[in-house]
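Subject: A structure for you to look at

Hello! I am passing on a structure for you to explore, and below it you will find my notes. Please keep the viewer open while you read.

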Amino acid sequence: MKNTYKIIGLMSLGLLMMSHLQAQTDWGITAEQKAEELKIPFTEQNQEAGLAIFEKSCKACHSKTEIVPKNQRQLPLAPNLGCQVFQSTHTDGEIFWKITNGHIASGMPPYGTSLSDDDRWKIVSYLRTLYADYQPPTNAGEVPAGPPAEKFTGTIKSIALSLDAQTHKITAKLDAVDAEGNPAKAKNVKVSIYIKRQFGSLLLGTIKTNDNSVAVVECPVEIPADTNGNITISAAVANSSAYTSKEVKYGKKLVWKNPLDGNHLWAVSAKTPLWLKITYLSVVLIVWLVIFWSIFQLYRIYSLRER
Amino acid sequence: MSDIKNIDQKATFEKIREDLLRPIKTRYWGYNAWIVGLIVFIVIAFWAYSIQLNKGLVVTGMRDYVSWGLYIASFIFFVAVALVGMLISAVVGLLGQKWIIPVGRIAEMIALAFVMMAGIVIVVDMGRPDRLLNVFLHFRFQSPIFWDVTVVTTYVVISFLLLFLPLLPDLGIMRNHLKGDVPKWKWNLYNILSLGWVGTPNQYKILHKTIRVLLILIVPVALSIHTVTSWLSALTLRSGWDSTIFGPYYVTGAFVAGSGAVLVAMYFIRRGYSLQEYITEYHFDKMGKLMVLTALVYLYFNLNEFLVPAFKMKTADSHHIHTLFTGSYATMFWLTQTFGLILPIILGLFKKMRKPFPMMLIGVSLVVGAFFKRVIIVVPTLIHAYLPMQNIPKEFHEYNPTGIEITITLGVIAIAVLIVSILAKLFPVIPIWEVAHEKGVDIEKDL
């Protein structure tokens, strides 16, 4: 009898687990959807736009994308999408529809309503940059005309940062040398510009330098500054040690009010709230006046003694 | 006024006087043994206290989390019992109840002794009693502890006055009639304390007026002493303490504890001094009814105090309530609620139970229950800290009072009982003049 229960229990447990596994693997993607290919050109522009969306909408769960042969990461539970097994076993359409429909049982929310088709394809195109063997489809729309942007190959020496309080623009000018060590213009170099906040840096943007090696980003007006009215801006160039930070007068000066100023319940005795002091002192005074009056009555009784 | 009536009055008064002064004149072996026993116990407690003073509070069961233990529980207990002076003399007395006359002074003696010990036990709880003066030097108006120091001091003074003032006519009588019957120093004491009382109408007028004013004054003072004591806990966010009804909860609990203490004292004083004629079964009946009334009010507050959080079961509260109802404090909790509240109410409803002996037993049950109820109020809350309790020694998680701590606590209780015992032997426990007045003797004459 006991064994029967055990067997039934184990069987139901097994069934439960199987149904769960089934649910985990079934994303409800049709063969037709699976066969779809990237619907936008596989260009740098789209890849970068995809990265921006990825950082905003996906990174919170999926964390960093690292190119690894096999996903060995325990946490976070959401897989590392740079994993080559994932890349090689998924078609473009499969990735797209997983983003679109999501899978509540395994924790992936659907993005079909919050991100446009174009945005989701941009994410796919970004993810494909992590797969060296990827063959972009040939009929994926028109590639913008003109020659591809030339890449800067020299070395960034330093960055000069400046903030114009009138135009609210932060300008980062790069000082660079080419491969031979001669001064050169650093064009199309990505510069990330930040403002220092309490627990980290706020990225204002990652901008490419123009012909004059200058990257410009807009600085938020009225951004909270420190108690001296200063903010610290910084700039860094990807794949380079160039970094600079600078304190500038800008933003809304922080006015810090010391909670110990004024009369409070939590302050020292000298800073007792007036109502409390008055209440305490008047009650004590009244009660003790009556007590002293009573003691005086004892004296009166004493003075009435027989002499 | 006719002569016969005068003689009659004189005879009545002489009998009352003799009856009530007899305990002061007579030596009782039982009483002496009782005092010696108490003193021996107190000496042992002092020895225990010297160890605590020498080694610090580490000899107690108190640690970082449970930093209030038996001492603070007995502080609340002492304040609670002391409140009975106000209940009997002021609340019931001002309502015009005549039956409290023979009981009133016992209540006042208990009140004075216990409220004094409430102050002492705080010093005992201090690891550095030499820094006691800092409480007064570096006080904060905003601190409930400072308010408590204020009200306890005030209550001591008013309790003393309310014991001393009604004693004046009796002191005059004792000065006039005890010369030669008592040792010289005792008579001198009575002589000085009587403040030259001769019982002129003017003296009586001043006396009545002053007592009346003080009786009115002690009502708010007594209410505030125990309300402020409850605020020491209730003004925090700790579950089990964070309660809006803690003030009345404490006050009503105090009335129950005090009634119990008075019942016990009444019984032993009546037996020991053979005062059956003055403290009659009628008085036990009345006290029993008063006890049931206060206990019913306290039951009502208990219902509120536990049902309301238990219905909602906020996370922290649920830890606390489960500890009390089914956890490590369940036995103590249910025993306390049963013997300190439910049973006394049920038994007190029966006339047969409102006789001296059963009432005394119920009184003991109430007092013991009241003490453990204070432990339950103080300790389980401290065991559940809001801060994570990690990487701390095992004994920090619980509170087990040590032998030294228990000895000191019992010693402080013994001092309170000793003070009551000495007061009850040194002065008439029943006011002679008030009883005489009740029996129709014209006391406003120099007798």
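A residue is called buried when its relative accessible area is under 20%, exposed when that area is over 50%, and partly exposed in between. Please also keep in mind that this is a predicted model.

F164(B), at 9% relative accessibility, counts as buried. How are their rings arranged, with planes at 5°? The ring centres of F160(B) and F164(B) are 5.7 Å apart, and because the planes are at 5°, the pair is stacked.

Another pair is worth a look. F77(B) and F78(B) form a tilted aromatic pair, with 5.9 Å from centre to centre and 55° between the planes. F77(B) is buried at 4% relative accessibility, and F78(B) is buried too, with a relative accessible area of 0%. Ring pairs also join F77(B) and F78(B) with F114(B), F371(B) and F372(B) in a cluster. Over all chains, the count comes to 34 aromatic pairs.

Now for the helices. Two packed helices are described by the angle between their axes and the distance between the axes.

Start with helix 7 of chain B again, which spans residues 144-164. Helix 5 of chain B (residues 101-125) packs against helix 7 of chain B at an angle of about 150°, and the axes are 9 Å apart. Angles over 145 degrees count as roughly antiparallel, so helix 5 and helix 7 of chain B are roughly antiparallel to each other. Their crossing is left-handed. On the helix 5 side of chain B, the residues in contact include L112(B), V115(B) and M116(B), while helix 7 of chain B contributes residues including Y155(B), V156(B) and F160(B). By class, this contact between helix 5 and helix 7 of chain B has 11 nonpolar, 1 polar and 2 charged residues.

Helix 7 of chain B also holds F146(B). Is F146(B) buried or exposed? At 11% relative accessibility, F146(B) counts as buried. Leaving out residues up to four places away in sequence, F146(B) touches Y280(A), F139(B), R140(B) and F141(B).

Next comes helix 3 of chain B (residues 70-82), which packs with helix 16 of chain B (residues 403-426) at an angle of about 20°, with the axes 10 Å apart. That angle makes helix 3 of chain B roughly parallel to helix 16 of chain B. The crossing of helix 3 and helix 16 of chain B is right-handed.

F75(B), I76(B), V79(B) and A80(B) of helix 3 meet I225(B), H226(B), T229(B) and L232(B) of helix 10. The residues of this contact between helix 3 and helix 10 of chain B divide into 6 nonpolar, 2 polar and no charged.

Happy exploring!

Note on methods:
Residues are numbered from 1 along each chain as its sequence is written. Chains are lettered from A and ligands numbered from 1 in the order in which they are written. This is a predicted model: local features need pLDDT of at least 70, side-chain atom pairs count only at pLDDT 80 or more; totals for chains, interfaces and linings use all residues. Side-chain values use heavy atoms; hydrogens and water are left out. Axes are lines fitted to C-alpha atoms, for helices over the stretch in contact, and angles run from 0 to 180 degrees between N-to-C directions. Helices (H or I, at least four residues) and strands (E, at least two) are DSSP runs, numbered from the N terminus. Angles under 35 degrees count as roughly parallel, over 145 as roughly antiparallel, 65 to 115 as roughly perpendicular and the rest as oblique. A crossing is left-handed if the near helix is turned anticlockwise from the far one by less than a right angle, and right-handed if clockwise. Contact means heavy atoms within 4.5 Å. Ala, Val, Leu, Ile, Met, Phe, Trp, Tyr, Cys and Pro count as nonpolar, Asp, Glu, Lys and Arg as charged, and the others, Gly among them, as polar. Rings of Phe, Tyr and Trp (its six-membered ring) pair if their centres lie within 6.5 Å; planes under 30 degrees apart count as stacked, over 60 as edge-to-face and the rest as tilted. Buried means under 20% relative accessible area, exposed over 50%, partly exposed in between (1.4 Å probe, protein chains only).
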